[in-house]
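Please look at the structure shown here with the following report beside it, which takes up how the parts of one chain meet and then turns to some local features.

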Amino acid sequence: MALTTDDIKQIAHLARVGVDEASLEPLRADLSTVLGLIEDLNAIDTKGVEPMAHPGNAQLRLRADEVSEENRREALQAPSPETEQGYFLVPRVIE
Amino acid sequence: MSWETVIGLEIHAQLATRSKIFSGASTAFGAEPNTQASAVDLGLPGVLPVVNAGVVEMAVRFALATDAHITQRSQFARKNYFYPDLPKGYQISQMALPIVGEGAVTVSLPDGSEKTINITRAHLEEDAGKSVHDLFPDKTGIDLNRAGTPLLEIVSEPDMRSAEEAVAYARYIHALVRYIEICDGNMQEGSFRCDANISVRPSGQSEFGTRAEIKNLNSFRFLERAILFEVERQIELLEDGHEVVQETRLYDSEKDETRSMRSKEEANDYRYFPDPDLPPLVVEDAFIEQVRSNMPELPKVRRTRFIEQYKLTPTDADTLMADRATAEYFEAVLDGQKFAPKLAANWIIGELSGRLNKENCDIEHASVQPSRMAQLLARIEDGTISGKIGKQVFDEMWGNDASADDVIEKKGLKQITDTSAIEAMIDEVIAANPSQVAEYQGGKEKLLSFFVGAVMKASKGKANPGQLNQILREKLKSS
């Protein structure tokens, strides 16, 4: 499947990744190759194979509904650039 | 042209677990900011989500209560978007394989009819944190206490045709989730939130019109107002030759209007994919059976039972059933008593509810608990006091632990049933009001209530109303 550079811009925007103009074409070519590889898989006949969301037979282990975490706000906020009154501060966001 | 309204609801019910869906942090409401946000909730590198068994049990309860299909091998997925109160950059939700599949509920409408609303699915997901915009001058504050709180998103089919039906369905689900104890239903605290998908189409057309999704409906009144506004807006657009744009709109309760929230151009590109951290969630038959055996009596079963066993009207049954605690109070009052269930229903719906509303108190904490209420009603039933005096006794009992008998005895409120005593009071009133007697005898029969009132007042409300009426009529005729 061939991607356009507009696709690349859109994907980069959705992922909030900065991509300069010069990188668009090489990225487009690389990603198109990757998609080509995945398309090859479509050639395999999967009739009768149950769809799986996960490889293998793993299944979730559950935990009991118990509060096991204590308040560690101070430690967890230590690496944060800015906090005040217990809040993480971020640039103003208005809907 | 006449228009038909089409509504589907997405309800987010916050599951009443102690800990979060993927971490052991507390879900308690109202804590200091970020004191209940663990490394998992913060999305720190290297952490792994571990699913809370309580969440799975609650989802299965909901499925059993709505006759829904249970997906025994469901899957969590990542829903990707960027917002500061979503630290991982994705919300863990369910997409292709939700734990609860198709189900249905039958709701009662205000006109007494019933309607079945189909439920498309209900899936588990985590809530986001909270953004605070008004606390800091140039910054937004982020509180992640709510991040990771378990939600069950209940998605209905577009089966509702009016605001009234949508409200009836939302109320039904609200009562149901509290009945089966999976959600506290607190709408002020955001434990139960509605989004409405609304469209209109010309009557008789089978295709749906373009819909708008209305968010932020945190009360049944707002849900109703928002639908009424939105339907009118869409009809106006279409009749003026414009089109409805598919978009998310926000209901503003102060202005009572909906307004566009964000353009759909880049919305809905959430790039869902199965969460590699979470293998399939397997629900075994034995687990389902265990949940089933612990289910309380469901509202629809209880409603039928109340109507048949206690001969209640559907309206009274619905009122008593609105929450489980009230229904249980009602049955506790009746336990071992001989009086008519209707008497208990009237008192709970009337006097008790009024008092609870006034004091902003819930029925579990009512000062007059079922056993004391039962004795009071027994005294009305056996004629010791009238219903009216009963209200006075009830007021005296509120706020202390005196029994109805204590109050009746201490205040001397026992009903006067002694015929000669009532006759004496009637004679006095008749003697004191000759002109009214003449008018009554001249045909002004509505004066009867004047005499009843006067005698009742003379008896301090204690005269037996039936006897009083009968003797009074006879005396007025013959005097």
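## Contact between domains 1 and 2

Between domain 1 and domain 2 of chain B there are two salt bridges, a salt bridge being a side-chain nitrogen of Lys or Arg within 4 Å of a carboxyl oxygen of Asp or Glu. B:Lys300 forms a salt bridge with B:Asp67, with 3.2 Å between the closest N and O atoms. On the side of domain 1 of chain B that touches domain 2 of chain B, α1 (53–65) and α2 (163–179) of chain B each supply at least two residues, and α2(B) gives the most, with five residues; helices are DSSP runs of H or I with at least four residues, and strands are runs of E with at least two, both numbered from the N terminus.

Chain B is divided into domain 1 (3–290), domain 2 (297–410) and domain 3 (419–478), with bounds from an automatic or database domain assignment. The centres of domains 1 and 2 of chain B, taken over C-alpha atoms, are separated by 36 Å.

## Basis of the model

This is a predicted model, in which local features need pLDDT of at least 70 and side-chain atom pairs count only at pLDDT 80 or more, while totals for chains, interfaces and linings use all residues. Residues are numbered from 1 along each chain as its sequence is written, chains are lettered from A and ligands numbered from 1 in the order in which they are written, and side-chain values use heavy atoms, without hydrogens and water.

## A three-stranded sheet

An open sheet of chain B has three strands in the order β5-β4-β15, with antiparallel pairing, where two strands pair if DSSP finds at least two bridges between them. β5 (90–93) and β15 (273–274) of chain B stand at the edges with a single partner strand each, so one side of each is left without a neighbour in the sheet.
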